[in-house]
Each structure stands twice: as structure tokens, then as C-alpha cells.
Amino acid sequence: MRQRLSIEEYTAGILAGDRIMLSQAITVTESRLPADKELAAAILKTILPHSGNAFRIGITGVPGVGKSTFIESFGNYLTSEGMRVAVLAVDPSSQKSRGSILGDKTRMEKLAHNPMAYIRPSANGLFLGGIAKSTREIMLLCEAAGYDIILIETVGVGQSETLVKSITDFFLLLMLAGAGDELQVIKKGIMEMADAIAINKADGDNVMAVNHAISAYQNALHLFPKSESGFLTKVLPCSALMENGLDIIWALIQEYEQVARANGFFHQNRQKQNINWMHDQIREALDDLFYGDPKVKTKLQELEHSVKEGKELPGSAAQDLLNVFLTK
């Protein structure tokens with residue numbers, strides 16, 4: 001195992017904006033080793049007072065929408081406006097190795113070389129919710145390192161993307177025109193969660209189709225209840241490839257932030273997210289304790305076989321295992 005540094009060394013490096021130290025701290029945070037878990041918790045506790053100052057934007061979209069192209073163009077636009085941008089790109093994991101299948105640094109080459117930007121690809125590790133297991137912790141580390149905007153790119157779009165909404169301040173949905181997704185997205189419930197919808201690839205011969213899609217989506221939005229934030233969800237055109245419409249999207253995001261802060265939703269939402277995070281941590285810890293218990297491990301294989309063969313109901317087998325775990 002690579003030699004770990006002290007808590008003080010990691011903290012000092014992060015607060016100084018040292019990208020190498022930030023990357024090393026993130027590696028510790030992503031580690032499943034018990035010693036690294038303790039070290040990561042100590043680092044996060046130390047940098048916590050310096051976190052929370054960035055604006056967090058979740059970005060998802062249908063396959064082929066050009067998420068990486070959009071994030072690269074949008075990230076470069078934000079840095080040109082003087083902001084430091086951290087991109088947390090969540091890649092799908094291999095079923096065999098649990099490693100990242102894609103590599104966002106290769107797909108965002110220009111942004112990766114931007115000194116005002118930082119890209120951290122993470123495998124989702126088959127973790128549901130469209131984010132990686134340690135995305136929230138990594139977000140805090142990046143904020144402590146002085147990044148003004150956190151862009152979180154999800155694995156994809158679908159029913160499991162809801163966690164992204166629950167850890168960000170603004171949720172942007174990227175869509176295509178004329179791809180048959182207008183009604184499908186409504187079924188998935190993603191549209192209801194979006195704070196804004198951007199129709200990408202609004203260039204060339206596709207402009208007319210994009211304008212038609214904007215009308216269709218805008219009409220569909222009227223079917224949903226009013227957002228808790230008090231902000232009216234809007235649909236905008238953009239072309240990530242041509243870098244058009246990025247300034248309008250950013251202006252909309254700024255407008256959203258002003259509204260959400262003024263009516264108190266921004267602060268209340270952050271508080272709610274922290275409470276939910278705490279409960280998620282409790283469930284994760286209990287899960288680790290349960291499956292790590294020697295008595296459960298001994299009984300688990302036997303009961304799995306019985307359930308597989310249809311000799312025992314899954315519910316009763318689960319209760320048996322819980323009884324084994326709770327009996328001391």
C-alpha cells in the first residue's frame with residue numbers, strides 16, 4: 001500500500017489548492033481499507049469548515065446527448081468568467097473489475113489541461129443513484145481546495161438518477177430534439193426533478209427541431225406540481241459543440257440561485273441533504289456490520305442455497321439471518 005501522509009499534510013495541501021494533494025486525499029476517501037476510512041474521516045472533519053462555499057450542479061442526460069462535450073464547453077466557459085471548476089465525472093463500472101469503463105479526462109481533453117479546472121473521474125462501483133459511493137465526500141474536498149463550481153456528471157439518465165438531485169443545488173437535464181425522448185423522459189420522472197432542461201445540438205439543420213422540442217417540453221412542464229424552490233423550470237437551446245447558449249444557461253442558473261437563496265430554499269435544501277447523508281451513512285455502516293459478522297457469513301451461504309432451490313422463502317431467510325446477527 002502506498003505510504004499515507006498525516007492528516008495535517010493532507011489538509012494543508014488541500015487548503016493550499018494543491019491538485020496532487022487533493023487527488024491523493026480523494027484516493028484515500030475512495031479506499032475501502034479500514035485504516036484509510038479513519039484517515040479520510042479525519043481529513044473531512046478538518047476541512048469541513050472550509051467547504052460548502054461552491055455552487056453544486058448535477059448534470060444528466062439521455063444517451064448520445066453529448067454530456068461530456070457540454071460539460072467541457074460549459075466548464076471552459078465558467079473558467080473564462082474567472083471561476084474555478086471541479087468536474088466529478090461518474091463512469092459506469094465494469095461488472096468484473098468494478099473499475100471505470102470510460103475515461104472522462106480523455107473525453108474532456110481541453111478542460112483537463114485548463115489550469116482553472118480539475119477533473120476527477122470515479123467509477124460508480126455499481127452504486128445506484130447515478131453517482132459514485134464517495135461523490136459527496138469528494139465534493140467537500142474540492143470545495144475546501146477553493147473550487148467555486150462543482151459539476152457532477154452522472155452515469156446516465158433513468159430512475160436511479162435521483163441521488164444526484166439530492167446532493168446538488170441545481171439539476172440540469174440535457175435532452176435531444178427529435179429522438180423520441182419527449183414522452184419517455186416524463187415516464188422516468190427525471191423531468192419533474194430538473195431545475196432546467198437544455199436541448200443540446202441546436203445547430204445547423206437541427207435548429208427547427210430544437211425549437212419544436214422546446215415547445216413540447218415547456219408544455220409538458222405545466223403538468224407537474226410547482227417546484228419546492230419556487231423557481232419556474234425553463235427549457236433552453238444550446239450547442240455544446242459550437243459553444244452557443246452557454247452564457248444563457250449560466251444566467252439562468254444564477255437567477256435560480258438568487259431566488260432559492262432569497263426564499264430560504266437554498267439553505268433548507270442543504271440542511272435536508274446533510275440529514276439524508278447522515279442516514280445514508282447509518283444504513284451503510286449497518287450493512288457493513290451485518291455482512292461482516294462471522295456468524296452471518298457462516299449462515300448466509302446455507303440460506304442462499306435454500307432460497308435458490310425454493311426450499312425457503314426469502315423473507316424468512318432474511319429474518320433468520322437477522323436473528324443470528326442480533327443474538328449475542
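**Exercise 1. The surroundings of asparagine 114**

Determine which residues asparagine 114 touches, not counting residues up to four places away in sequence, and whether asparagine 114 is buried or exposed.

Solution. Step 1: with that exclusion, asparagine 114 touches Arg19, Asn76 and Thr79, where contact means heavy atoms within 4.5 Å. The model is predicted, with local features requiring pLDDT of at least 70 and side-chain atom pairs pLDDT 80 or more, while totals for chains, interfaces and linings use all residues. Residues are numbered from 1 along each chain as its sequence is written, and side-chain values use heavy atoms, leaving out hydrogens and water.

Step 1: asparagine 114 is located in the loop between α6 (109-112) and β3 (117-123). Here helices (H or I, at least four residues) and strands (E, at least two) are DSSP runs, numbered from the N terminus.

Step 2: the relative accessible area of asparagine 114 is 13%, so the residue is buried (buried means under 20%, exposed over 50%, partly exposed in between, with a 1.4 Å probe and protein chains only).

Step 3: a polar atom of the asparagine 114 side chain lies 2.9 Å from the backbone nitrogen of methionine 116.

**Exercise 2. The surroundings of isoleucine 249**

State where isoleucine 249 lies and identify its contacts beyond four places in sequence.

Solution. Step 1: isoleucine 249 belongs to helix α12 (residues 246-262). Step 2: its relative accessible area is 3%, and isoleucine 249 is therefore buried. Step 3: leaving aside neighbours within four places in sequence, isoleucine 249 contacts Phe70, Phe74, Leu172, Ala198, Leu236 and Cys238. Step 4: alanine 196 is 53 residues away along the chain, yet the two C-alpha atoms are separated by 8.6 Å.

**Exercise 3. Packing of α1 and α2**

Describe the geometry of α1 and α2 and the residues through which they meet.

Solution. Step 1: helix α1 (residues 7-15) packs with helix α2 (residues 19-30) at an angle of about 130°, their axes being 8 Å apart. Axes are lines fitted to C-alpha atoms, for helices over the stretch in contact, and angles run from 0 to 180 degrees between N-to-C directions.

Step 1: α1 is therefore oblique to α2 (under 35 degrees is roughly parallel, over 145 roughly antiparallel, 65 to 115 roughly perpendicular, and the rest oblique).

Step 2: from α1, Glu9, Tyr10, Gly13 and Ile14 meet Met21, Leu22, Gln24, Ala25 and Val28 of α2.

Technical notes
Polar contact = N/O pair within 3.5 Å; in protein donor to acceptor, adjacent residues only side chain to side chain.
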